Amino acid sequence: MRQLFATLLFGLLLTGPCLDSFASDPAESALQRATEHYRAGKLNEAAGLLRGILVSQADPARRQTALFMLGQVHADLNEPMRSLEYLEQIPTAERGPSELLLEGRMLLHAGQAVRAGQVLAALDPADLLPAERQLRWLSLSDAAHLGDEKQRALYFLFQALQSKGESSRDDILSKVHTLLETEFSEVDLDEVAFMYSGSVIGYQALLKLGWRALNSGQKEQAREWASAVLAAPADFPYRGEALTLLAQLSEAGDVQRAIGVLLPLSGRYAPFGSLVQRGMQLAEQQFRPEIPVRFIYRDTAGTPDTTRNQLEELLFSEQVIAVAGPLVGSAAEAAAPITARERVPLLSLSQKEGLAAASSYLFRNALTIRLQVQTLVEAARYDLGLSRFAILFPANRQGELFAEQFRQELAAWGGELVAAQSYAPEQTDFRRQVRLLLGQNPDARDPDPQEGEQKTPPPFEALFIPDYAERISLIAPQLAFYGLEPVQLLGTNGWNDPEALRPAGRFIEGAIFTDGFFRHSPYPFVQEFVERYFSLYGQDPTILEAQGYDTAGILLTLLNRPDVQTREDLHQALLTMDNFPGVTGATRFDAEGEADKVLFLLQIRDGTIAQRN
């Protein structure tokens with residue numbers, strides 16, 4: 001309030017009719033000192049200077065400024081009658097909007113609510129600063145409340161919410177909350193919910209109705225109103241109270257046969273979320289439990305805040321037995337602590353490393369770096385009998401994570417890492433990296449082809465390159481050109497792009513890599529999934545649709561068991577599930593909730609990608 005008054009006072013000093021004559025006037029100097037004292041909180045010192053001006057000055061402009069300042073000082077000292085004494089000395093015709101606003105407020109504090117309301121109502125909001133307008137609305141609300149006009153008091157608070165000022169939105173909403181709680185009957189609240197429908201006040205009225213319905217034993221009505229409150233904007237400050245109400249309405253184990261699905265169906269990740277949703281919808285048609293299970297889809301937009309709100313609504317309003325998703329890493333991280341707190345199984349599709357460790361109720365059905373490397377190293381050591389390895393990887397986060405995981409798996413399988421070299425992601429010439437892998441001087445002059453240089457055999461048997469197919473097509477021919485052949489090439493799911501690999505030709509023949517889904521797999525259940533998907537959408541599925549299909553299939557299969565009736569039942573069933581026959585590989589979950597899958601091992605044969613048995 002002091003900051004607002006100081007602003008008003010500064011305006012008065014600038015626009016006063018005698019300002020030019022104040023330049024070296026002691027009275028003007030006293031006004032300035034009084035203002036400085038007021039800003040510093042030295043109210044009594046300011047009042048002494050101002051009273052001195054009244055005694056020594058006859059100039060109307062100076063006196064009016066001093067009287068207004070004294071009115072504000074005594075208002076801040078919580079002395080409304082003294083404040084009014086000074087304000088009423090200003091001639092009625094000379095009282096401007098700011099003086100009248102202060103007068104109305106002091107009349108209110110002096111217990112003269114009717115007169116205060118008349119003075120404040122007569123003010124034109126257009127004549128006031130924005131902060132003064134808010135103060136007027138709040139004061140009118142207080143006056144109406146004192147006059148037992150609760151609907152008018154609420155209306156004025158609604159107007160105050162539309163104005164910017166020193167009172168925060170939460171402060172005003174707290175006044176609304178108290179007013180609705182103490183002054184409004186159920187009939188009144190029903191009227192408020194209708195009149196202010198879709199506004200923050202309307203949602204507050206619904207919340208009050210919900211609590212009263214609960215207290216009177218009307219649980220279904222209470223649930224309906226509490227659920228309606230969750231439609232409020234994300235910044236509604238009483239959203240948590242609505243969730244508390246729903247929690248009290250839900251008894252232990254009282255859950256629906258419904259699965260909440262959190263996917264980004266709008267925003268930058270919407271194309272990916274829509275593909276996952278397609279796979280889930282296909283699973284709904286294929287996996288049909290004896291007792292039906294509903295899927296309730298919610299759009300997270302890929303953001304943590306929206307995810308938290310949507311998840312809480314699914315848990316408390318819809319009372320789902322489990323949640324599938326989210327897909328985006330940050331959204332999944334936001335969901336993890338909520339599922340842990342509420343002890344609800346969450347089956348996420350996010351690839352974010354370490355996610356499952358965040359909650360004992362979070363499971364992750366995704367193709368991870370660890371799974372790919374484990375599968376690849378096991379095949380290289382056990383099936384191919386290779387023992388010496390090298391790594392050529394892009395110097396980015398994904399490349400570094402793959403390289404580090406490869407080192408760890410090699411150590412676990414007793415393999416030897418002979419060499420490792422990184423390259424810039426945008427690099428096109430790999431001569432230096434190849435020479436370093438071969439143990440040669442990278443700065444030596446290239447030999448003349450006519451000299452008939454004897455190529456040095458590579459010191460390793462296999463080379464791991466965790467990059468995408470486009471880059472592999474650029475790298476592979478250079479490996480042979482600079483003398484790095486023959487070695488067994490090993491890759492990741494980024495290689496699984498036949499068109500992008502085509503330029504590499506014979507240089508990648510025999511290469512082996514992994515993936516979580518292979519559209520051309522000979523497995524009958526994979527072919528059935530591909531055919532059903534194609535018949536619905538007219539195109540081949542990708543790993544996203546396959547993961548969505550398997551995620552939904554896992555939950556539907558477990559919920560068909562007679563011993564799975566509660567969230568905790570489902571949690572235990574996920575922990576003990578053994579090799580679900582998914583199109584993304586036979587799946588189980590380890591103790592941390594990470595998927596342990598039998599991935600597809602793929603190989604380049606005669607220029608095409610084939611599944612390696």
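This is a predicted model: local features need pLDDT of at least 70, side-chain atom pairs count only at pLDDT 80 or more; totals for chains, interfaces and linings use all residues.
Residues are numbered from 1 along each chain as its sequence is written, and side-chain values use heavy atoms, without hydrogens or water. Local features need pLDDT of at least 70 and side-chain atom pairs pLDDT 80 or more, whereas totals for chains, interfaces and linings use all residues.

Rings of Phe, Tyr and Trp (its six-membered ring) were paired if their centres lie within 6.5 Å; planes under 30 degrees apart count as stacked, over 60 as edge-to-face and the rest as tilted. The count is 22 aromatic pairs. The F287 and F580 ring centres are 6.3 Å apart with the planes at 35°, so this pair is tilted. It joins distant parts of the chain, 293 residues apart. F287 lies in the loop between helix 15 (270-286) and strand 2 (294-299), and F580 in strand 11 (residues 580-582). Helices (H or I, at least four residues) and strands (E, at least two) are DSSP runs, numbered from the N terminus. F287 is partly exposed, at 23% relative accessible area. F580 is buried, at 9%. Buried means under 20%, exposed over 50%, and partly exposed in between (1.4 Å probe, protein chains only).

F529 and Y549 form a tilted pair, 4.6 Å centre to centre with 45° between the planes. F529 belongs to helix 23 (residues 524-537) and Y549 to helix 24 (residues 543-559), 20 residues apart. Both residues are buried. Ring pairs link F287, F517, F529, Y533, Y537, Y549 and F580 into a cluster.

Charges also sit over rings (NZ of Lys or CZ of Arg within 6 Å of the ring centre and within 35 degrees of the ring normal). The charged end of R136 lies over the W137 ring, 4.9 Å from its centre. That of K150 lies over the F184 ring, 5.6 Å from its centre.
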